[in-house]
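This briefing is meant for a reader meeting the structure for the first time.

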Amino acid sequence: MSENKKVVVIGGGITGLTAAYYLQKECRSQSLPVDVQLIEAGPSLGGKIKTEKREGFTIERGPDSFLERKKSATRLAEEVGLKDSLVPNGTGQSYILVKGRLHKIPQGSFMGIPTKIRPFLFSGLFTPAGKIRAAMDLFIPKKTVEEDQALGLFFKRRLGNQVVENLIEPLLSGIYAGDMDELSLQATFPMFYDLEQRYGSLIKGLRKEYPRRIPKKGEKKPSMFRTLEGGLGSLVDSIENQLESGSVLKNTKVDHIEKKESGYHLLLDDGSVREADSIVIAAPHFSAQRMLSQYDFMAPFKETNATSVANVAMAFDESAIKKDIDGTGFVVSRNSNYRITACTWTHKKWPHSTPDGKVLLRCYVGKPNDQEVVDLSDEEIVELALKDLNKIMNISDRPDFSVVTRWYDAMPQYKVGHKDRLKKVYDQMASELPGVYLAGGSYEGIGLPDCIDQGEAAVKQVLSYLKD
Ligand SMILES: Cc1cc2nc3c(=O)[nH]c(=O)nc-3n(C[C@H](O)[C@H](O)[C@H](O)COP(=O)(O)OP(=O)(O)OC[C@H]3O[C@@H](n4cnc5c(N)ncnc54)[C@H](O)[C@@H]3O)c2cc1C
Ligand SMILES: Cc1c2[nH]c(c1CCC(=O)O)Cc1[nH]c(c(CCC(=O)O)c1C)Cc1[nH]c(c(CCC(=O)O)c1C)Cc1[nH]c(c(C)c1CCC(=O)O)C2
């Protein structure tokens, strides 16, 4: 009787967890003779998902939610028994901080691009000239370019500098922690290029294909995010509980992958070797490059930067906040004299996370031209966050406690040409390393649902490879 086929998933973040979970499920339901092993370098699973419970608060140290419109995260949560724990964000207003003042994000905008005219006309974010320039998107002819282009330049050409600096850039920084003039349009928002090509205008295209309804007075804004009542860590725990016993190896790093006559050898940091017929590398690009450093085609991943970021959650008694703001959070424009890049009023965005009578604020720091901030001490980060917050709020007391989290090289930068570089790597992998696949936040999207999609896609690739 032939031995079972062996699949190793490297990395126990949400991508690797998804891949291991669906692989085991498929193999069970199709009665395939396959052993799946998940190998994680750290002491726990979840990667960037990290929930901390303290004094009645649920504190997210990494992602706090996922976009509802990208369906795979909800589907996965439901699948592992968390249907009843899914919660929408408390709706309220989001703001952009520009030159020291908070401005409402104009209603009817999609990632900062207007789809409704009135809210833009009345927004204090732009001068009349800035508004007219943005409206020129309706008339500026489309520009067809074969290659990739920078997000920043694309939007500036269509909508002008003001809308980009005061609205689009801060919102995108609140996702990619990157430099818009370097980020790739194709790898981040390819649909905007498509809309330009098909409608000759972003505003026209969005109005047609992504219609936004403006809520009537008194009506609640629809919630675009979802999280889990027990924190995103409960998703990690639920998936882990459903993985077959003995199939997870923690505290073990894969140092190197070598191709053998048949299959692969994985060299682990405990000195042991593990065999595999197929491998899903669900680890960041720089880690993947190290595992396969003998292959020159992996070299571009050495040059792919990832921004380091940090955040601080601060818990207060309600009485400490003398002047509050009605909203769920704000992002800061680069032309503002602030060190924090964004802030979430967590108790308002996620009321379940905070005991009654308390307040939970989470501030973010770290951008491409301010990486040093991540190395400041916990106290220094708390100080600078409070100093910035006090420019717009009035916080009289020190926090009851604070939780600082540093994420080094955490936000991969999809720079212009990202897709082409990836394709070259995939093509070479397919010919030189058949049965080895890359998946996760470094490659085809950083949102949790994008990572889940990639984990699922890797399952399909592995199964089709093993069946051949
Ligand atoms: C502060 C912050 C806030 C965010 N907010 C949001 C948000 O609100 N919504 C959202 O959708 N997304 C958010 N993101 C993005 C999202 O969290 C990530 O893109 C996603 O979690 C990445 O998952 P992953 O499994 O691909 O990688 P990771 O979570 O990085 O997991 C990779 C795993 O591989 C392991 N590993 C690495 N090398 C090896 C090796 N050699 N051997 C074995 N194991 C190895 C690591 O230890 C790690 O556990 C945020 C990210 C950060 C940093
Ligand atoms: C600074 C930051 C945040 N969130 C994030 C960062 C960068 C990492 C870091 O620096 O630590 C990371 C993030 N935020 C989001 C994603 C996933 C995006 C996706 O799935 O495509 C990711 C990867 C959703 C989001 N995050 C944001 C948007 C834009 C929302 C919009 O269009 O109104 C999206 C899709 C904006 C954002 N983002 C943030 C705030 C406080 C806000 C303002 C909105 C609010 O919470 O009230 C915090």
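This is a predicted model: local features need pLDDT of at least 70, side-chain atom pairs count only at pLDDT 80 or more; totals for chains, interfaces and linings use all residues.

Around ligand 2 there are 23 residues, and those that come nearest are K70, S94, G174, T328 and K349.

**The shell around ligand 2**

- By type, the shell around ligand 2 is made up of 14 nonpolar residues, seven polar ones and two charged ones.
- At least two residues of this shell are supplied by each of α6 (161–176), β19 (329–332) and β20 (342–345), and α6 gives the largest share, with four residues.

**Polar contacts and cover**

- K70 places a polar side-chain atom 2.6 Å from an oxygen atom of ligand 2, while T328 has an N or O atom in its side chain that is 3.0 Å from an oxygen atom of the ligand.
- G174 approaches through its backbone, where an N or O atom lies 2.9 Å from a nitrogen atom of ligand 2.
- On its own, ligand 2 has 900 Å² of accessible area, and the protein covers 85% of it.

**A nonpolar patch on the surface**

- I117, L121 and F122 together form a nonpolar patch on the surface, with about 330 Å² of accessible area between them.

Note on methods. Residues are numbered from 1 along each chain as its sequence is written. Chains are lettered from A and ligands numbered from 1 in the order in which they are written. Side-chain values use heavy atoms; hydrogens and water are left out. Patches are made of residues with over 30% relative accessible area and no salt bridge: like charges are joined within 9 Å, nonpolar side chains (Val, Leu, Ile, Met, Phe, Trp, Tyr) within 5 Å. Accessible areas come from the Shrake-Rupley method with a 1.4 Å probe; for residues, only the protein chains shown count as cover. A salt bridge is a side-chain nitrogen of Lys or Arg within 4 Å of a carboxyl oxygen of Asp or Glu. A residue is near a molecule or strand if one of its heavy atoms lies within 4 Å of it. A polar contact is a pair of N or O atoms within 3.5 Å; within protein, one must be able to donate a hydrogen and the other to accept it, and residues adjacent in sequence count only if both atoms are side-chain atoms. Ala, Val, Leu, Ile, Met, Phe, Trp, Tyr, Cys and Pro count as nonpolar, Asp, Glu, Lys and Arg as charged, and the others, Gly among them, as polar.
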